[in-house]
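Here is a brief report on selected features of the structure shown below. Keep the sequence and the 3D view at hand while reading.

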Amino acid sequence: MTDPAGAPHEITQLLAEWGNGNQTALDKLYPLVYAELHRMARHYMKRERQDHTLQTTALINEAYVRMVDQKNVHWANRAHFFAISAQIMRRILIDHARRNAYAKRGGAAQQVSLDEAAVVAEDGGSLLLLLDEALQRLAKLDPRRSQIVELRYFGGLNNQEISGVLKVSENTVTRDWNMARAWLYQELSGGAA
Amino acid sequence: MQPERWRQISGIFKSALALEPEERGAFVAAQCGPDEALRRDVERLISSYSQADQDNFMDEPAVAAVAPLLNSDDDISKDRLASGQQVSHYRILRKLGAGGMGEVYLAEDTQLDRTVALKILPADVAADKRRMQRFKQEAKLASSLNQPNILTIFEFGEAGSLHFIASEYVDGATLRDQLRLKPIKLAEVIEIGTQVVAALDAAHEAKIVHRDIKPENIMLRRRDGVVKVLDFGLAKLSEPPASAGGHSDTEANTELLRTTPGTVMGTVSYMSPEQAQGLRVDERTDLWSTGIVIYEMVAGRLPFAGTTSSHLIVEILEKEPALFGETGIVVPPELERIVAKSLAKNPDERYQTAKDLLIDLRNLKRRIDLDAEIKRSVSTHLGTATTDGPAARDLDTAATQHSTPNGSADRGPTRSKLLPIAALLVVLIAALLALTSWSRIRRGAGSPAPAVIVPSARQLSYWMTVQKYRAGRPFAAPFRLAGEINFEPNYQVKLNITSPQAGYLYILNEGPRDAAGSSSFVVLFPSPTANDGLAYLGENQRVEIPPQSWFQFDAEEGTEKLWLVFSAEAVAELEQVKQFANPKDRGQVKDAELQMRVQDFLLAHAKPAPALSRDDELKQTTLSSPNAVLVYSLKLEHH
């Protein structure tokens, strides 16, 4: 890259550093990716109904292509990028949901169970906040399953892509997803384990 | 819960799910043995599993679940710009909507006393300086072309943290809105298509590729149907950095596409095959997208309609769109050909330039106009002589209407084969009846707009727009006059012209005669800043003269003489005059011999003078001439 500003190069570099275990690289990476994804998330929302909405994966792929030096594409980088994108997407969405909950109630989000959530269907945000909390509990019990949920639900990846990112078989991803989803459903239905 | 317990539960759960549902209970019971609590936990999880499945729990990604939230979130930020609020030297009037990248407001420019459209760019978009720079460059360049079908941008500005673009305000609807509202008539389809391509032609000449032509980016102005293409350059905000070496590196890109399907963004439906693959795009991508838009206008649906973006991309790359004829829509074969050529998968087999496409569309339009004209005059005659004849109805079907995709049986493709014969008959009848019509027009000259127009006769309407000035500033809103008056100094005026017929319009300002009695002329129309520099006007198209400014009178009393020429065919003498319609020559015809010929032409055709009827209610004056060339001298007096 001869580009003086060199953003794609910078991101590629940071991803590589992060892959090598340099955690400060992640901090530098975060705002760069955040701005990009936020912009795209908004674009995604704005799209008119009759248009063919792109999947979240396509959205993230696009961000990836745009941000990363395309001449140095390695699978490892892509995997990092997907992982980090999913985390950031999660944060963006949770932030939105939280802000909305505050705006609506002038305070913290109320507990809503699944049944109530179905009644107040438009309030996807409260459900999302509960889900996020449950997912944090799952991460303590079972980090891998929690990450699968993050990649799939927040990152929009499919099982095949997740298997590539986590380097486990697709069958494993499917089984782990089933278990994690059942558990989260149970958590949100009000049944404490 | 202890991790150990969790592992136990998940192990049994996993194995149980591999079994048929009815076998699971026994399996779990056997696995858990005496541990009742374990059995309950696993069973509950299994039941949650089926429940979650039934509820489609988490099937959609989170982004879908909170979409309404994000939108309402945006609504909150929109409210920050309330009516009456000041942004730089603009006063917000109301919100117009949300367009590509940002909300758009109607605002008043308090410095220049004009209404503008103000687009507020999202902060994070504006913060990307490099992309913004490229976007600005392109948008400004496109706007500076002064092409009437390209939205004019006035200013890129910042006010506090707000980044905005002030542009010309178009009172109208997007083509998307129009498509939702009602089917678009064939003649209009061609008209809209022609104007879009005219915009592209000018942009492409300046090496600007739009990259995102779609109905949302095409505005139709309410008062005159003029088309404005929006968002030139905006695609620069959402594309990979131009500096990325991979951009030109086709191999790397294709490779990437193979491993990451859907590495594209934007409205997939209108993307060209090369664009959908993330390959390098050029001007020809815009011609493809225009082809899709024309197809959609004609058929009322898209040619490629995969249910997901990846299906759609596959269709764009591989599927041949259904011909209109195959789906029961009767269109002129020429239109079928134009659309097919625009939608060639391989850019090398497509129209190579916007100009080529423009020429084909204009020729088609001319033919449709002519057919419609003949049909109109003949159907009127047939209406009096016999009843509505079958020939006329056939022509009507083909020339001015298009059926729905499930068009009724009597509009089947076989019908169109009758057309050439029908058209021939119609021409013959028209020729036979032409004489009668002439006398009718003459008789009807005193009343507004005669219904019968014979192709060889000409009709033209005009009116004046007047802007009063006081102390060097516009005073009150411009108003419309049916015709000319004795204008006061400090008035600024515009001439507006339209005709129900298509034809060639030329307007010259005659200056004082020299000693030898020879006139000097200034070309006012055609002009490079109006109508794509062409003299040809479509049916009911309206032009303003001067296109982008006003006539101003000086303090001295006098008369400005304007020659209006409206002809069925291009006029050779006047076509040559066009070369002087440029800023350098200021429209002055600087060729003495040509001036003589122009003068001769005007004198030869000025008689008989066209019949004039002034309609003060409609506020317009209609000129009718029995000749194929209408010449009228309009005098603007001022004191």
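The sections below take chain A as a whole, then several local features of chain B.

## Model and chain A

This is a predicted model. Chain A holds 9 helices and 0 strands. From the N terminus on, its elements read α-α-α-α-α-α-α-α-α.

Chain A has 193 residues, and 58% of them are buried. Take the contacts in chain A between residues at least 6 apart in sequence: 62% of these join residues at least 24 apart.

## A helix pair in chain B

Helix α1 of chain B spans residues 3-17, and helix α2 of chain B spans residues 21-32. Their axes come within 10 Å. They cross at roughly 150 degrees. Angles over 145 degrees count as roughly antiparallel, so α1(B) and α2(B) are roughly antiparallel to each other. The crossing of α1(B) past α2(B) is right-handed.

Which residues make the contact? From α1(B) come B:I12, B:S15, B:A16 and B:L17. From α2(B) come B:R24, B:F27, B:V28, B:Q31 and B:C32. By class, the contact has 6 nonpolar, 2 polar and 1 charged residues.

## A three-stranded sheet in chain B

In chain B, 3 strands form an open sheet in the order β7-β8-β9. The pairing is antiparallel. Strands β7 (172-174) and β9 (227-229) of chain B stand at the edges. Each has a single partner strand, so one side of each is left without a neighbour in the sheet. Neighbouring strands are turned by 25 degrees against each other on average, direction ignored.

Strand β8 of chain B covers residues 218-221 and pairs with β9(B) in the antiparallel sense over 3 bridges. B:M219 has B:K228 in β9(B) as its bridge partner. Helix α9 of chain B, residues 186-205, packs on the sheet. Helix α9 of chain B touches β8 and β9 of chain B, and its direction makes about 40 degrees with that of β9(B).

## Strands β14 and β15 of chain B

Strand β14 of chain B runs over residues 503-510 and pairs with β15(B) in the antiparallel sense, over 4 bridges. B:E510 stands opposite B:F521 in β15(B).

Is β15 of chain B mostly covered or mostly uncovered? This strand, residues 521-525, is mostly covered, with 4 of its 5 residues buried.

B:E336 sits in helix α14 of chain B, residues 333-342. Its relative accessible area is 17%. The cut-off for buried is under 20%, so B:E336 is buried. Leaving out residues up to four places away in sequence, B:E336 touches B:L323, B:F324, B:G325 and B:V331. B:Y295 is 41 residues away along the chain, yet the C-alpha atoms of B:E336 and B:Y295 are separated by 9.2 Å.

B:H163 belongs to strand β6 of chain B, residues 162-168. Is B:H163 buried or exposed? With 18% relative accessibility, B:H163 counts as buried. Which residues does B:H163 touch, not counting those up to four places away in sequence? They are B:K119, B:I120, B:L121, B:A126, B:G157 and B:E158.

Terms used:
Residues numbered from 1 in each chain as written. Chains lettered and ligands numbered in written order. Predicted model: local features only at pLDDT ≥ 70, side-chain atom pairs only at ≥ 80, totals over all residues. Heavy atoms only, no water. Axes fitted to C-alpha atoms, helices over the stretch in contact; angles between N-to-C directions. Helix = DSSP H or I, 4+ residues; strand = E, 2+ residues; numbered from the N terminus. Parallel < 35°, antiparallel > 145°, perpendicular 65-115°, else oblique. Left-handed = near helix turned anticlockwise from the far one by under 90°. Contact = heavy atoms within 4.5 Å. Nonpolar A, V, L, I, M, F, W, Y, C, P; charged D, E, K, R; others polar. Pairing = 2+ DSSP bridges. Buried < 20%, exposed > 50% of the residue type's maximum accessible area, 1.4 Å probe, protein only.
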